[in-house]
Each structure stands twice: as structure tokens, then as C-alpha cells.
Amino acid sequence: MTSASARVVFVAVALAVGFAVRDVATQAIERVTITLPAAVSFAVTNVGSSTAGISSSPGLQFSGAVLKINRGVRASVKADGDFVPPSGTAIPASRVSWTTSNVVNGVASNGTLSKTLYTQLYQGNDNATSGSVDIAWQLAAPGVPLRAGAHVLTLRWKL
């Protein structure tokens, strides 16, 4: 590492996303508003230790769900690639993991980011109109060599 500290940032998506889907066979419209963290940052001060993430919001929330009977909201996540460094070595996306807590109207899973596969983070209960889960992000020790500066990772959510 060429500096005493590095700032590692990953960007998830916009804060609130509304979805509406029309089932052509039944003409039913399904819709839900989902709120996700817009960004999580890791202020890495020691490349030999893990670092807790600082999130723009506590986790995932959904509300106003109008779904067909016996369906629930599901959220899975994957990384678009590894962190993009200012220069030098990239931090692997697989160094990022999460733990879940305070689950409302569903079941949540702890996990580790992948560049190739979506990992399920939350499965809402059938017929739930709202729900939430708190997410604590963690960056495992990135190791050396690590260039100081903003390392950016973009996530893709499957909802």
C-alpha cells in the first residue's frame, strides 16, 4: 500500500425503485416499491484487517406490494466485476460479504458477493405487502499491494 489508508467504495443502485409487471395471460398487474442502499463505503485503515461498511441506508425495504396470490418479493445480488482501482491491483468482489438482521415479513440469508452468480439475500413471505431486512456489509482484509484512493464496485440486483 502506498498510503496509510485507502477508501474503498461500492455503489449498489438508486435508492428507490418501483416495479410494475403485467401478466399477459391474466391481465393482472404486479407492482412494488423497493428501497436499497445507494452506496456503501469502507474506510480501510489497515489492509491486514477486515473493515465494516458504512451504508447510506440500513438495508432493503419494500412496500406497496400488489402481487398475484401466494407470491413474494425476492432479492438477490451479484457484483458486475471486481473493484475498479485508481491504479494497480483490483480488490476481488468476493472479499465483500454481508450479514442480515431484523428481518420483517420474510427470511434473509448471509452471503458473499460473486461476479458470476446471483446470491439470494431476502425472500419475502407469500402475500406480504411490505417487509425489510437490515444489511451489515463487510470487506475482508484486502491485503497488499493496494493503492490508496477510491476503489469502486457496482452491484446488480435481481428483484
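Buried means under 20% relative accessible area, exposed means over 50%, and partly exposed lies in between, with a 1.4 Å probe and protein chains only. This is a predicted model, where local features need pLDDT of at least 70, side-chain atom pairs count only at pLDDT 80 or more, and totals for chains, interfaces and linings use all residues. Residues are numbered from 1 along each chain as its sequence is written, and side-chain values use heavy atoms, with hydrogens and water left out.

**View 1. N70 in its loop.** N70 sits in the loop between β7 and β8. Strands here are DSSP runs of E with at least two residues, helices are runs of H or I with at least four residues, and both are numbered from the N terminus. Is N70 buried or exposed? N70 counts as exposed because its relative accessible area is 51%. Its phi is positive, about 60°, although N70 is not a glycine.

**View 2. N127, another positive phi.** N127 belongs to the loop between β12 and β13. Its phi is near 70°, a positive value in a residue other than glycine. N127 has a relative accessible area of 42%, so it is partly exposed.

**View 3. The whole protein chain.** The protein chain has 0 helices and 14 strands. From the N terminus on, its elements run β-β-β-β-β-β-β-β-β-β-β-β-β-β. Of its 159 residues, 36% are buried. The chain exposes about 7,900 Å², and carbon and sulfur atoms supply 53% of that area. Accessible areas come from the Shrake-Rupley method with a 1.4 Å probe; for residues, only the protein chains shown count as cover. Now take contacts, meaning heavy atoms within 4.5 Å. Among those between residues at least 6 apart in sequence, 71% join residues at least 24 apart.

**View 4. The largest nonpolar core.** A nonpolar core is a set of buried Ala, Val, Leu, Ile, Met, Phe, Trp, Tyr and Cys residues joined through side-chain atoms within 4.5 Å. Which residues have the most contacts inside the largest core? They are L60, W137 and W157, in a core of 32 residues. Strands that each supply at least two residues include β3 (28-35), β4 (39-44), β7 (59-66) and β14 (150-158). The largest share, 4 residues, comes from β13.

**View 5. A136 on strand β13.** A136 is found in β13, which spans residues 131-139. A136 is partly exposed because its relative accessible area is 42%. Leaving out residues up to four places away in sequence, A136 touches S97, W98 and T99. A136 and V40 are 96 residues apart in sequence, yet their C-alpha atoms are 9.7 Å apart in space.

**View 6. G111 beside S97.** G111 has its place in strand β11 (residues 111-112). At 15% relative accessibility, G111 counts as buried. Which residues does G111 contact, apart from neighbours within four places in sequence? G111 is in contact with S97 and W98. The C-alpha atoms of G111 and S97 are separated by 5.6 Å, although these residues are 14 apart along the chain.

**View 7. Q120 and its contacts.** Q120 lies in strand β12. Its relative accessibility is 31%, so Q120 counts as partly exposed. Beyond neighbours within four places in sequence, Q120 is in contact with R74, A75, S76, W98 and S109. Q120 and S109 are 11 residues apart in sequence and 6.8 Å apart in space, C-alpha to C-alpha.

**View 8. P37 in a loop.** P37 lies in the loop between β3 and β4. P37 is buried because its relative accessible area is 1%. P37 and S56 are 19 residues apart in sequence, with 5.5 Å between their C-alpha atoms.

**View 9. K78 over a ring.** K78 lies over the face of Y118, at 5.8 Å from the ring centre. A charge sits over a ring if NZ of Lys or CZ of Arg is within 6 Å of the ring centre and within 35 degrees of the ring normal.

**View 10. Confidence along the chain.** pLDDT is the predictor's confidence in each residue, from 0 to 100. The protein chain averages 84, and 82% of the residues score at least 70. Confidence is lowest in strand β2 (residues 16-23), at a mean of 46, and highest in strand β10 (residues 106-108), at 98. Over residues 10-25 the pLDDT is below 50. Where pLDDT is low, the predicted coordinates should not be read in detail.
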